[in-house]
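I opened the model to look up two things. The notes below follow the order in which I checked them.

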Protein chains: 2
Amino acid sequence: MLDTAHITGSGRSRPTMRHVAALAGVGIKTVSRVVNAEPNVSQETVHRVREAIERLDYQPDLNAGNLKRANGKTLTIGLVVESVANPISSAIHRAIEQKAWERDTAVFASSHGDDPIREHAIMQALQRRRVDGMILTTAGGSCAYHAEGAARRTPLVFVDRASGGVGADAVISGDFTGAAHAARHLLGHGHRRIAYCGPGDHLGFRSARERERGFMEELGRWGVPTTDVPVLQDLDDAETAQNAVATMVRSGSRPTAIFTSHGPSTIGAIRALREAGLHNSVALVGFDDFALTEILEPGVTVVAPDPERIGQMAAERLFARIDGSRAEPNTYVVPTTLIARGSGELWPKIDAPHRKGRRLSPHGQAAAVERQRNR
Amino acid sequence: MLDTAHITGSGRSRPTMRHVAALAGVGIKTVSRVVNAEPNVSQETVHRVREAIERLDYQPDLNAGNLKRANGKTLTIGLVVESVANPISSAIHRAIEQKAWERDTAVFASSHGDDPIREHAIMQALQRRRVDGMILTTAGGSCAYHAEGAARRTPLVFVDRASGGVGADAVISGDFTGAAHAARHLLGHGHRRIAYCGPGDHLGFRSARERERGFMEELGRWGVPTTDVPVLQDLDDAETAQNAVATMVRSGSRPTAIFTSHGPSTIGAIRALREAGLHNSVALVGFDDFALTEILEPGVTVVAPDPERIGQMAAERLFARIDGSRAEPNTYVVPTTLIARGSGELWPKIDAPHRKGRRLSPHGQAAAVERQRNR
DNA sequence: CTGAAAGCGCTTACAG
DNA sequence: CTGAAAGCGCTTACAG
């Protein structure tokens, strides 16, 4: 008997192609043709089959279809990030999803919370689900070899954080160039004593190191010796950053400007400067952008990454691989944008021998939001 | 021949249970037992099979397994929201994903951009993929009947926006109560002339209307006639809101306080008040919370929803349905929290006959962040 | 403790 | 233009 609908207990069982075929009075192959819009079916048959599909509210089972389908594709991909709630990750997600939608591909999204074990478990699960490919912001750690293994079978693209030696494409922000741009911007506004504040690199991410390098090398080019740079490291969250910056600005050798190399340290620095009443005296440029920074006084000058572009490119690279590309794995760098909002355009107020007597520039007025592309 | 690995062109084909069985010298059912940790396999056999799995790097195909599996579950669910990049949605997503992970369930996430057509297409696609259930922030529109149809076959829970008449569970914010709380807060600080600013409800969302109702009714209870309330509607984005509020505060009958009923209108109001130099004179309470509101001066008092809790509850409801619950569909309301940061604690500076001569309360000093649970 | 047969809902490769 | 047979990689229901 075909009609098992009324004997299965839990919510009538779904109709299958055979139900449709029986109702339309055709073979299942004909139903398959209609469902997949294949040619060589008479108008009238198409019509009858469509009617049966409608009547039964038939929905083809994609998973069953994939099982024998020639190309072996499931039209699904997996996205694995630290947290899907992170603003940058979710912007990346949105962009990837759009590209995927254009290819009828669905996106599994999940968070590993920087736990390499969980990252590995998630990737295993995705492979068991036979995703066509994966996009990964890796938790790093010492489990890179897992990714290596995965990449052998399933196309893999790294986003936002580098591939850590795994032979796969990666799409990341221009950390080095962006940080150098920030340094140049502050140097150009007369600062020579500029503090570096950033997170630790205990997770082994390249980003933090690259930002520090970019910052330091630019200072070096302008003749500022590294030993003259106050460095606050391991500021992993806003509170730690706030305390550290507060201590620093209270000290004798207060910097005239601060570069913060990630969001939390920027927020901490903003708070510390406000609390000390120095937010209009000590210049600040932060890496990473966030909401409301333009409402503060002064507005916060930032080096903004471009998560939409990162997501787009990652999706493009992944789909190219899925389509069979055998090109050498490459790392793609998406340029950042320096957005001047005021805090980064303050001229040194104290200890500025090289620009003695120079006053605040008009940019210090905060309102002008000029955008400069970094090269 | 079993070993087709070296003859398939595109990246050696994956090993199957039969490959493992052949290598271990057992039947495929035995491999199946080991993979699924079923009992009644000798220690030694388990060991041999495990070794073969390891050697071949075998990964069971979950989709194939699901095909005949008794319970018919795929251990996947779908999340459909306006945009996965929206902070509230992504926080909800994170919470859902956590609950799902505990059940070995993977989450498809996608955005409909408030397009009902796309919403429908996404839900269709999810059903073809045989998700066990769906969580939906609906685009509304007139396509509610689609959701109705979907809910008949696949468990469905609405989040963040109400179900619009579809007989399904919903988990939403306490819009009415939260807005009433905001009104009460401002009334309690001496305000009687309080403006309402919010988005239009052209999309048919209940939230906007509920927030307006909650606000108005509370005013009514305090003896403020509705006709005395300046109302700015259709402020769908920050820019529109900024212009409208700017015009309003320049007018003769400026309100002493403003309630903004969603994020963009709050941002617009903040900008307009700052531009007019009134941010320390006109009180402001906004619905929805966002980053950095505590750094502004004064800090922005908000009625904050609880997306984590919303996501958790939505997942709990969905999984209960998936597990067979036949309870009456219900709408669950997650309470909001009023976070006092300064802007909502300003006392009226002009036109405050009922509290003549009363000065700024100490709360007006901004720093104190007191949290009050609304009832 | 173990495995051969049947079948999940489709697609493929054919034969009419 | 159409459909019967075989098979995708597993699980189920049995029989040993």
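**DNA strand D**

I looked up polar contacts (pairs of N or O atoms within 3.5 Å) and found an N or O atom in the side chain of N40(A) at 3.1 Å from a phosphate oxygen of DNA strand D. This is a predicted model, where local features need pLDDT of at least 70, side-chain atom pairs count only at pLDDT 80 or more, and totals for chains, interfaces and linings use all residues. Residues are numbered from 1 along each chain as its sequence is written, chains are lettered from A and ligands numbered from 1 in the order in which they are written, and side-chain values use heavy atoms, without hydrogens and water.

A side-chain N or O atom of R69(B) is 3.1 Å from a phosphate oxygen.

I then listed the residues near the strand (a heavy atom within 4 Å). There are 26 around DNA strand D, and T30(A), R33(A), T45(A), K29(B) and S32(B) come nearest.

**Helix 1 and helix 3 of chain A**

I checked the crossing of helix 1 (residues 17-24) and helix 3 (residues 43-56) of chain A: their axes come within 9 Å and cross at roughly 125°.

Technical notes
Axes fitted to C-alpha atoms, helices over the stretch in contact; angles between N-to-C directions. Helix = DSSP H or I, 4+ residues; strand = E, 2+ residues; numbered from the N terminus. Polar contact = N/O pair within 3.5 Å; in protein donor to acceptor, adjacent residues only side chain to side chain.
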